[in-house]
Amino acid sequence: MRFGGGSAPVDWLVVGLGNPGARYDGTPHNVGFQVAVALSARWELSRPQKKWAGLYADGRTAPGGPRVGVLIPQTFMNESGRAAGPARGALKVPLERVVAVHDEIDLKFGDIRTRLGGGLAGHNGLKSLKAGFASPDFQRVRIGVGRPDSTDPEIVAAYVLGRWQQPPGEVEELVERACAAVEAIIAPPTA
């Protein structure tokens, strides 16, 4: 069963950050894509369509739940704002209702933190979103992927663009907890 479809305005826009192509599947840098795909399945969203330089699906989180759009930019991460900016404009989503889901090397593997706005911590995907939205004041779900014991840019890049070093079950659990963090922002439990 599907709870909607099309490209009508939505209440929330979730943007999963990563790089397109099979070469980047299964890497820490693409955890935002993994979460976006998992949320689309969990919410039984419409089949993804090619729109706004990305893959876009929409529907409701549940019957009567908020209307959501999930965008997986098909630009490289450093250009994510080229997809997310036009999508946000076309869907008429207030900036504080955009949720960027991304890897964070400055958090140990397994940590998940959420916040509205804030710094960009040198994350090129976030820099591109800030440019695409003309503001940094969007929601973030920061997913800790850890970092190697080096600050050498080549070693760090090889780590985030290499295959997960953690067991698949731990990665699946991380993705599941990140999905729950997104849901807590979009549809917080009522008391």
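Analyst: A nonpolar core is a set of buried Ala, Val, Leu, Ile, Met, Phe, Trp, Tyr and Cys residues joined through side-chain atoms within 4.5 Å. The model discussed here is predicted.

User: Which residues touch the most other members of the largest nonpolar core?

Analyst: The largest nonpolar core holds 28 residues. Those that touch the most other members are Val14, Val35, Trp43 and Val182.

User: Which element gives the largest share of this core?

Analyst: Two or more residues come from each of S1, helix H1 (31–42), S4, S5, strand S7 (139–144) and helix H5 (168–186). The largest share is nine residues, and the element that provides it is H5.

User: With which residues is Val182 in contact, leaving aside its neighbours within four places in sequence?

Analyst: Contact here means heavy atoms within 4.5 Å. With those neighbours left aside, the partners of Val182 are Val14, Val35, Leu39, Trp43, Val99, Val101 and Val141.

User: Why is strand S1 (residues 12–16) largely enclosed by the rest of the structure?

Analyst: Trp12, Val14 and Gly16 point one way from S1, while Leu13 and Val15 point the other way. Residues on both sides are buried. Strand S1 is therefore largely enclosed by the rest of the structure, the number of its five residues that are buried being five.

Note on methods. Residues numbered from 1 in each chain as written. Predicted model: local features only at pLDDT ≥ 70, side-chain atom pairs only at ≥ 80, totals over all residues. Heavy atoms only, no water. Buried < 20%, exposed > 50% of the residue type's maximum accessible area, 1.4 Å probe, protein only. Helix = DSSP H or I, 4+ residues; strand = E, 2+ residues; numbered from the N terminus.
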